[in-house]
Amino acid sequence: MRERLRQIGSQERHTYRGTFVRCGYKCYGEHYHPTLLLKDIRDAAHQLVTDHLWFNYTLGFLRLGELLKGDEVNFMARVATYEKGLWMQRQQDVHLCRPTRVQRVVPNVERASLPVDDHPALIGYIMCANETFYKTNGRPFVSFYVQAFHQWQR
């Protein structure tokens, strides 16, 4: 599915558009790293480059405020390779990295702000946004982070 990304190559940054699905996190032991999922990512010529990608929830995305399912986002990024899978079954794949100039396609929509400078509160927001999914699937739902988010809201 990512053949188009491979063809683009990593020499230059390009403009892309994707549709927000949900936020999430990667877990490294006790450390949580915020992420977000975009689907149907297209290049400037509106060609589909991949059906989905997970991105780090960088400051550019956070400054947009709360994203809702279906929001379209424009950004610039560079194609890069990475390794995925379990240790002995690693595979090389391509993705888009270091997104900049992140903008919502419908710009002047007022949205709730997110905890930009408070990492525990941001993880708490993500846990609250996905509470049912995380609890149903046995994913960590840590009261420390949830309480940090609720305290940040006040």
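This is a predicted model: local features need pLDDT of at least 70, side-chain atom pairs count only at pLDDT 80 or more; totals for chains, interfaces and linings use all residues.

Student: Why is the contact of Arg17 and Glu72 called a salt bridge?

Tutor: The side chains of these two residues meet at 3.7 Å, N to O. The rule asks for a side-chain nitrogen of Lys or Arg within 4 Å of a carboxyl oxygen of Asp or Glu, so the pair of Arg17 and Glu72 qualifies as a salt bridge. Arg17 lies in strand S1 and Glu72 in strand S4, so the pair ties together parts that are 55 residues apart in sequence. Glu72 is partly exposed, at a relative accessible area of 33%.

Student: How do you know that Arg4 and Asp43 form a salt bridge?

Tutor: Use the cut-off of 4 Å again. The N to O value for Arg4 and Asp43 is 2.9 Å, so this pair meets the rule.

Student: What are the relative accessible areas of Arg4 and Asp43?

Tutor: Arg4 has 26%, which makes this residue partly exposed. Asp43 has 9%, under the 20% limit, so Asp43 is buried.

Student: Which parts does the salt bridge of Arg111 and Asp71 tie together?

Tutor: The side chains of Arg111 and Asp71 meet at 2.4 Å, N to O. Arg111 sits in the loop between S5 and H3, and Asp71 in the loop between H2 and S4, so the pair joins parts that are 40 residues apart in sequence. Asp71 is buried, with a relative accessible area of 11%.

Student: How many salt bridges are there by this rule?

Tutor: The count comes to six.

Student: What makes S4 and S5 a strand pair?

Tutor: Ten bridges join S4 (residues 72-84) to S5 (residues 91-104). At least two are needed for pairing, so S4 and S5 count as paired. Together S4 and S5 form a hairpin with six residues between them. In that turn, Gly85 has a positive phi of about 100°.

How values were computed: Residues are numbered from 1 along each chain as its sequence is written. Side-chain values use heavy atoms; hydrogens and water are left out. Helices (H or I, at least four residues) and strands (E, at least two) are DSSP runs, numbered from the N terminus. Buried means under 20% relative accessible area, exposed over 50%, partly exposed in between (1.4 Å probe, protein chains only).
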